[in-house]
Amino acid sequence: MASRYIREFLASEAFKNAGREVSDVVPRLVKFLCCLQVTKTHLFTVTLSYGPSMLPTLGLAGNLCLAERISTRFEKLGVGDIVLVQSPEVPWKFMTKRLKAMEGQSVTYFVDPKNSDKSETIVVPKGHVWIEGDNIYESNDSRKFGPVPYGLLQGRVFWRIWPPKDFGSLAQNKGKDSVS
């Protein structure tokens with residue numbers, strides 16, 4: 001009995017029309033998803049930044065930001081830019097930090113700002129950058145793991161999407177440089 005209903009449904013005009021609609025929608029959906037993947041991989045990506053390391057520039061509870069990937073590909077990043085970085089310690093983790101020095105530049109930093117005023121100066125080696133959080137007291141950055149290979153930079157964070165009250169460009173928030 002059930003097989004008779006199935007045969008009737010498969011022979012019905014409604015089933016044939018549904019099949020035509022699906023065959024029209026599927027290629028469009030595949031094209032859209034491909035476009036989305038290319039955009040995310042090569043042009044722009046959305047990132048969530050949370051935690052105390054970028055206070056006061058980015059909030060503690062979480063900021064949804066837009067990062068462009070073109071600057072990293074063409075090496076157009078500059079000191080003071082906020083960058084999206086793949087963690088050198090935990091490869092599946094991404095961090096948002098400020099670019100403090102490029103290769104060949106010297107940078108002076110506090111080794112342990114919570115407990116002492118001891119500072120060190122280093123020259124960033126070739127193919128590396130120096131990154132720090134804006135909140136030096138609560139940031140896991142180059143002061144802990146040293147210079148970061150340029151290849152770990154994933155993009156330049158330039159626009160805050162969330163929270164709505166802070167919606168806008170992050171360009172005006174460039175921090176003080178400690179580069180000589």
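Predicted model: local features only at pLDDT ≥ 70, side-chain atom pairs only at ≥ 80, totals over all residues.

Colleague: Where does E75 sit, and what is its phi?

Modeller: E75 is in the loop between α3 (70-73) and β3 (82-86). Its phi is positive, about 50°, although E75 is not a glycine. Most residues other than glycine have a negative phi.

Colleague: Why is Q105 called partly exposed?

Modeller: Q105 comes out at 25% relative accessibility. Buried would need under 20% and exposed over 50%, so Q105 counts as partly exposed. Its place is the loop between β4 and β5 (106-110).

Colleague: On to the cysteines. How do you know that the count of disulfides is zero?

Modeller: A disulfide needs two cysteine sulfur atoms within 2.5 Å. Take C34: the closest cysteine sulfur to its own is in C35, 7.9 Å away, which is too far for a bond. By this rule the count for the model is zero.

Colleague: And which accessibility classes do C34 and C65 fall into?

Modeller: C34 has 47% relative accessibility, so C34 counts as partly exposed. C65 has a relative accessible area of 0%, and with the cut-off for buried at under 20%, C65 is buried.

Colleague: Now the active site. Where does that label come from, and which residues carry it?

Modeller: The label comes from UniProt, in an unreviewed entry, which places "active site" at S53 and K97.

Colleague: How do you know that they gather at one spot?

Modeller: They span 45 residues in sequence, yet no two of their C-alpha atoms are more than 7.9 Å apart, so they do gather at one spot. Both S53 and K97 are also in the lining of the largest pocket.

Colleague: What makes S53 and K97 buried or exposed?

Modeller: The cut-off for buried is under 20%. S53 has 12% relative accessibility, so S53 counts as buried. K97 has 4%, so K97 counts as buried too.

Colleague: Which elements hold them, and what do they touch?

Modeller: S53 is in the loop between β1 and β2 (63-68), while K97 is in strand β4. Leaving out residues up to four places away in sequence, S53 touches T96, K97, G133, D134, N135, E138 and S139.

Colleague: How much space is in the largest pocket, and which residues are closest to its centre?

Modeller: The largest pocket holds about 330 Å³ of space. It is lined by 17 residues, and the closest to the centre are Y50, K93, F94, M95 and T96. Two elements give two or more residues to the lining, β1 (44-49) and β4 (94-101). The largest share, four residues, comes from β4. By class, the lining has eight nonpolar, six polar and three charged residues.

Colleague: Which peptide bonds are cis, and how do you know?

Modeller: Look at omega. The bond from L55 to P56 has omega near 0° and is cis, and the bond from W162 to P163 is cis with omega near 5°. Most peptide bonds are trans. P56 lies in the loop between β1 and β2, and P163 is in the loop between β9 (153-162) and β10 (168-169).

Colleague: Last one, the overall layout. How many helices and strands are there, and what is their pattern?

Modeller: The protein has four helices and 10 strands. Read along the sequence, they go α-α-β-β-α-β-β-β-β-β-α-β-β-β. There are 180 residues, of which 34% count as buried. Taking contacts between residues at least 6 apart in sequence, 54% join residues at least 24 apart.

Technical notes
Residues numbered from 1 in each chain as written. Heavy atoms only, no water. 1 Å grid on protein atoms, 1.4 Å probe; cavity = no way out; pocket = protein on both sides within 12 Å on 5 of 7 lines; lining within 4 Å. Points joined across faces, edges and corners; volume = space filled by probe spheres on them. Nonpolar A, V, L, I, M, F, W, Y, C, P; charged D, E, K, R; others polar. Buried < 20%, exposed > 50% of the residue type's maximum accessible area, 1.4 Å probe, protein only. UniProt positions renumbered as here; feature names shortened; annotations may be inferred. Contact = heavy atoms within 4.5 Å.
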